[in-house]
Amino acid sequence: MYFAALLARTEDGWVASDTELDDVESLSDLADLARDASVNEDTVLAFIEQEDTWFGIVRVDGEDDPRVFVSDAASAARSSYGAMLTDELLGKDEEDDELESLDLDGTEDGEPESEEEPSEDSETVPSGPLGDSDLLADLGMSAKELCALSSEALTEIADTLGASEILEAVR
């Protein structure tokens, strides 16, 4: 079960909105969703959490590229929305995945298959935090504090931002 919300900064503080990720298939889609929630192209934070297993934050500032942080990349990579974030952070390209899925290893010509090698995914996705751990530093939460969060992380982040009541209203 996922929880997703957007926190948009305004002149008067933060405005929270519950959001559905059904139509989000890429980081670009999520950034567009955040920009739509923006007031005067100010900062928007997209929070995604999966049952206290991992959380991710995508920060969008106007038309700048989104900044992404994931609390536990290995856990996130095993879920659809988490994989979307970790793939982006690790520089995986969807076109590369499509080519890999074709399995063009020479066996299509009747050559015997070699022993299976370990999946690249298991070796390339680190356990632990991944991404821009400084994305909340100017908002009052250091990289060290962000990386130390575990359960109730989004509540603690909202507390730091002064938006805990607003976030709880959409939970």
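Contact here means that heavy atoms lie within 4.5 Å. By that criterion, among contacts between residues at least 6 apart in sequence, 58% join residues at least 24 apart. The structure is a predicted model, in which local features need pLDDT of at least 70 and side-chain atom pairs count only at pLDDT 80 or more, while totals for chains, interfaces and linings use all residues. Residues are numbered from 1 along each chain as its sequence is written, and side-chain values use heavy atoms, with hydrogens and water left out.

The chain holds eight helices and six strands, where helices (H or I, at least four residues) and strands (E, at least two) are DSSP runs numbered from the N terminus. Along the sequence these elements follow the pattern β-β-α-β-β-β-α-α-α-α-β-α-α-α. Of the 171 residues, 42% are buried, buried being under 20% relative accessible area, exposed over 50% and partly exposed in between (1.4 Å probe, protein chains only). The accessible surface of the chain is about 9900 Å², and 42% of this belongs to carbon and sulfur atoms; such areas come from the Shrake-Rupley method with a 1.4 Å probe, and for residues only the protein chains shown count as cover.

Strands of a sheet pair through backbone hydrogen bonds, either parallel or antiparallel. Here, two strands are taken to pair if DSSP finds at least two bridges between them. Six strands make an open sheet in the order β2-β1-β3-β4-β5-β6, with antiparallel pairing. Its edge strands are β2 and β6, each of which pairs on one side only. Strands β1 and β2 are joined by six bridges, and T10 has G13 in β2 as its bridge partner. Further along the sheet, four bridges connect β4 (residues 54-61) with β5 (residues 67-70) in antiparallel fashion, with I57 partnered by F69 in β5. The hairpin of β4 and β5 has five residues between the strands, and G62 in this hairpin adopts a positive phi near 60 degrees. Strand β5 is in turn joined by two bridges to the antiparallel β6 (residues 130-131), where L130 stands opposite V70.

What packs in the interior can be followed through the nonpolar cores, each a set of buried Ala, Val, Leu, Ile, Met, Phe, Trp, Tyr and Cys residues joined through side-chain atoms within 4.5 Å. The largest has 24 residues, and those with the most contacts inside it are L45, F55, I57, L136, L146 and I157. Two or more residues each come from β1 (2-10), β2 (13-18), β3, β4, α7 (153-161) and α8 (164-170). Helix α7 provides the largest share, five residues. A second, separate core has 21 residues, including A8, L21, A46 and I48. Beyond neighbours up to four places away in sequence, F55 touches, among others, I48, F69, L146, A153 and I157.

Rings of Phe, Tyr and Trp (its six-membered ring) pair if their centres lie within 6.5 Å, with planes under 30 degrees apart counted as stacked, over 60 as edge-to-face and the rest as tilted. The count by this rule is three aromatic pairs. Y2 and W54 form an edge-to-face pair, because their ring centres are 6.4 Å apart and their planes stand at 70 degrees. This pair links distant parts of the chain, as Y2 is in β1 and W54 in β4, 52 residues apart. W54 is buried at a relative accessible area of 1%, whereas Y2 is partly exposed at 28%. F55 and F69 form a tilted pair, 6.0 Å centre to centre with 45 degrees between the planes. Since F55 lies in β4 and F69 in β5, this pair ties together parts 14 residues apart in sequence. Y2, W54 and Y81 form one aromatic cluster. Y81 is also among the buried residues of helix α3 (residues 80-90), and just after α3, G91 takes a positive phi of about 75 degrees.

Q50 brings the tour back to this neighbourhood. Q50 sits in strand β3 (residues 43-50) and counts as buried, at 18% relative accessibility. Although 48 residues separate Q50 from Y2 in sequence, their C-alpha atoms are 4.6 Å apart. Apart from neighbours within four places in sequence, Q50 contacts M1, Y2 and S79. The side chain of Q50 also makes a polar contact with that of W54, at 2.7 Å. (A polar contact is a pair of N or O atoms within 3.5 Å; within protein, one must be able to donate a hydrogen and the other to accept it, and residues adjacent in sequence count only if both atoms are side-chain atoms.)
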